[in-house]
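Subject: Structure handover

Hello,

Here is the structure for you to look through. My notes follow below it.

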Amino acid sequence: MKKITEALIPKNLSDELKNESQAYLETLNDLGKSKINNYKEEIKINLIDSNDKTFPVNAILSVISDIRICSRKHTDDIGKTLDEILKGFIIEEKEHVSKTLISNSIEPLFTNSDNTESEIKDYFLISEDRFLNRLDFVCWTRNLKPNVLIENLDTIFIFVIYKSTVDMKKVHANDFIKAYMKTVKIENPDVDKVDEITNKCIEIYKKYRY
């Protein structure tokens, strides 16, 4: 996945084609920024209202977003991109878990090319030192029409990720177990029995609840 910059434009083009390519990239960039701003506002509103609707939070800690352009033939680049964006946003020992959870969630966006435009919205919980945090993310892709000016790149991809602290005073054990099971499965790949996964969730629940 590559950032949308002038470096994408082939060097051997005429001035006219270079200008056309630049205009095309600017259009893609403007589209991506518009989608990012809309998603940021949408997630923020949902988090503020999360006490009554979804998993409750105390406060929004931080948010990151980016625009990339890529080829669906090189889906391995998704992991590399997530490595870049999560560095410093998530504590180091939780980067792999977060990357895996997000990658698993957004994989259908890149394996299914039937839809011109697609999005995935999700959230998960992750424990970071003394805090239990909620990560909300939106990933959006749009197929691009074949364009000889920018070779081998057929998809624009944007993401928005919010990190918020969970309000554990308002969390019931059953709700926590349901929300945290995905994280436990990634953190403990050798644990596959339901009762073992549940016990792991309860351990974390007690750690942050009491």
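Start with the contacts in the chain (contact means heavy atoms within 4.5 Å). Among those between residues at least 6 apart in sequence, 70% join residues at least 24 apart.

Two points on the source. This is a predicted model, in which local features need pLDDT of at least 70 and side-chain atom pairs count only at pLDDT 80 or more, while totals for chains, interfaces and linings use all residues. Residues are numbered from 1 along each chain as its sequence is written, and side-chain values use heavy atoms, with hydrogens and water left out.

**Overall**

The chain has six helices and four strands. Both kinds of element are DSSP runs, numbered from the N terminus: helices are H or I with at least four residues, strands are E with at least two. Their order from the N terminus is α-α-β-α-α-β-β-β-α-α. Along the principal axes, the C-alpha atoms fill a box of roughly 65 × 35 × 30 Å. Of the 210 residues, 45% count as buried. Buried means under 20% relative accessible area, exposed means over 50%, and partly exposed lies in between (1.4 Å probe, protein chains only).

**The sheet**

The four strands form an open sheet in the order S1-S4-S3-S2, with antiparallel pairing. Two strands pair if DSSP finds at least two bridges between them. Strands S1 (57-70) and S2 (117-128) stand at the edges. Each has a single partner strand, so one side of each is left without a neighbour in the sheet. Neighbouring strands are turned by 15 degrees against each other on average, direction ignored. Axes here are lines fitted to C-alpha atoms, for helices over the stretch in contact, and angles run from 0 to 180 degrees between N-to-C directions.

S3 (residues 131-143) pairs with S4 (residues 155-166) over eleven bridges, in the antiparallel sense. Phe137 has Ile161 in S4 as its bridge partner. For Asn143, the partner in S4 is Thr155. S3 is mostly covered, with ten of its 13 residues buried.

S2 and S3 are also antiparallel, paired over twelve bridges. Glu119 stands opposite Trp140 in S3. The two strands form a hairpin with two residues between them. Asp129 counts as exposed, at 52% relative accessibility.

- H1 (residues 15-48) touches S1, S2, S3 and S4, and its direction makes about 25 degrees with that of S4.
- H4 (residues 92-111) touches S1, S2, S3 and S4, and its direction makes about 160 degrees with that of S2.

H4 also packs with H5 (residues 173-187), at an angle of about 120 degrees and with the axes 10 Å apart. H4 and H5 are therefore oblique to each other. The cut-offs: under 35 degrees is roughly parallel, over 145 roughly antiparallel, 65 to 115 roughly perpendicular, and the rest oblique. The H4 and H5 crossing is right-handed, meaning that the near helix is turned clockwise from the far one by less than a right angle (left-handed if anticlockwise).

Which residues meet there? Lys94, Val97, Thr100, Leu101 and Asn104 in H4 meet Lys182, Thr183, Ile186 and Glu187 in H5. By class, the contact has three nonpolar, three polar and three charged residues. Ala, Val, Leu, Ile, Met, Phe, Trp, Tyr, Cys and Pro count as nonpolar, Asp, Glu, Lys and Arg as charged, and the others, Gly among them, as polar.

Best wishes
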